[in-house]
Amino acid sequence: MRIAYSTGEPAGIGPDIAVLLAQQTWPCELVVLGDKQVLQDRAQQLGLAVSLVAYDAQREPQQWPQGTLVVAQHDTAVAVTAGQLHPANSGYVVELLEHAGRGCLAQEFAAVMTGPVHKGIINDAGISFSGHTEFFAELSNTEQVVMMLATPGLRVALVTTHLPLIRVAETIQRPLVERVLRIVHDDLQRKFGCAEPEILVCGLNPHAGEQGHLGREEIEHITPALNALQQEGIKVSGPWPADTVFQPHYIENADAVVAMYHDQGLPVLKYRGFGNAVNITLGLPFIRTSVDHGTALDKAGSGDISIGSAQYALQTAIDMALQQQQN
């Protein structure tokens with residue numbers, strides 16, 4: 001199988017990750033989308049030898065020896081200096097994502113793993129870009145996607161993502177909660193091999209609303225959504241108080257926890273597994289994973305980075321692709 005790796009912001013550590021991943025063998029053909037000159041320069045800065053092979057979509061996928069980078073060439077607009085952003089290269093970053101997404105839709109790639117991008121510099125260049133998740137949703141005409149982060153022993157999906165806290169309560173409506181839970185349930189089955197997923201659902205308010213004394217979102221929106229899904233045989237439970245549900249007693253038998261908003265669920269996951277976690281977009285017609293960190297401009301080319309998250313993201317993409325092939 002082929003897995004695409006979009007190297008992201010060229011001045012960040014995305015190219016470093018490609019070079020470092022190439023220092024081990026993987027049970028797939030890892031196709032690096034990027035500029036070979038940037039990759040060569042970064043390998044030289046890291047003091048690592050790599051052999052660059054031009055990607056050929058007509059060639060049968062194969063495992064390459066350690067130290068090999070299969071590169072689908074995309075030219076940066078201007079020369080890249082590690083750690084220094086340049087808005088002229090923003091179009092190049094988006095071009096990589098389009099290649100990855102369209103390649104997945106055409107089944108050229110079994111999955112895409114994305115390196116970190118710098119949303120600010122892309123928007124500064126006049127390109128409207130709110131994130132990978134939204135980009136791939138639009139590219140694939142997908143109405144609803146779900147952000148999930150995972151680390152060994154814990155998966156956390158979100159009903160709302162990058163919203164100001166003041167807007168979260170008004171956004172938590174029964175139809176949205178139902179759609180998100182269905183997507184989580186279906187992808188746990190199709191892409192993770194969970195035959196009958198067990199999903200724990202957080203309430204929105206402290207103590208899950210305390211029977212309406214601390215808010216009525218649980219009564220009016222979350223519980224009705226859970227009831228509807230339970231009647232269909234989907235194993236969802238809650239709403240659980242978020243300060244209780246993450247205890248080992250609850251999560252050890254669960255396949256995922258669904259949190260109502262970004263900072264309700266992700267601090268717990270990142271405390272448990274930062275540097276060894278993966279960001280997964282559920283609901284897309286293809287598999288997309290990502291590292292759990294940003295561009296780390298100050299560390300680009302330094303050799304002072306950990307690729308634990310990248311390794312986990314790539315292995316997760318491989319595992320999900322294999323599971324989907326079996327369905």
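Q107 follows α3, and its phi is positive, near 65°. Keep in mind that this is a predicted model.

Now α3 itself. The helix covers residues 90–105, which makes 16 residues. From first C-alpha to last it reaches 23 Å.

Which residues of α3 are buried? Here is the list: S90, Y92, V93, V94, L96, L97, A100, G101, G103 and C104.

What do the buried residues of α3 pack against? Three strands are on the list: β1 (2–6), β2 (29–34) and β5 (111–114). Two helices are there as well, α4 (119–124) and α5 (132–139).

Next, a helix pair earlier in the chain. That is α1, residues 14–21, and α2, residues 36–46. Their axes lie 9 Å apart, and the packing angle is about 70°. Roughly perpendicular counts from 65 to 115 degrees, so α1 and α2 are roughly perpendicular to each other. Who meets whom? From α1 come P15, D16, A18, V19 and L20. From α2 come V38, L39, R42, A43 and L46. By type, the residues of this contact are 8 nonpolar and 2 charged, with no polar ones.

You will find A242 in helix α9, residues 242–245. Is A242 buried, partly exposed or exposed? Its relative accessible area is 25%. Buried would need under 20%, and exposed over 50%. So A242 is partly exposed. What does A242 touch, beyond its neighbours within four places in sequence? Its contacts there are C202 and Q264. Take Q264: along the chain, A242 and Q264 are 22 residues apart. Their C-alpha atoms are separated by 7.1 Å.

Last, the whole chain. The secondary structure comes to 12 helices and 12 strands. The radius of gyration is 20 Å, close to the 20 Å that the globule rule gives for 327 residues. The chain is therefore as compact as a globular protein of that length. Along the principal axes, the C-alpha atoms fill a box of roughly 60 × 40 × 35 Å. Of the 327 residues, 53% count as buried. And the contacts? Take those with a separation of 6 or more: 74% of them join residues 24 or more positions apart.

Note on methods. Residues numbered from 1 in each chain as written. Predicted model: local features only at pLDDT ≥ 70, side-chain atom pairs only at ≥ 80, totals over all residues. Heavy atoms only, no water. Axes fitted to C-alpha atoms, helices over the stretch in contact; angles between N-to-C directions. Helix = DSSP H or I, 4+ residues; strand = E, 2+ residues; numbered from the N terminus. Parallel < 35°, antiparallel > 145°, perpendicular 65-115°, else oblique. Contact = heavy atoms within 4.5 Å. Nonpolar A, V, L, I, M, F, W, Y, C, P; charged D, E, K, R; others polar. Expected span 1.5 Å × (residues − 1). Buried < 20%, exposed > 50% of the residue type's maximum accessible area, 1.4 Å probe, protein only. Rg over C-alpha atoms; globule rule 2.2 N^0.38 Å.
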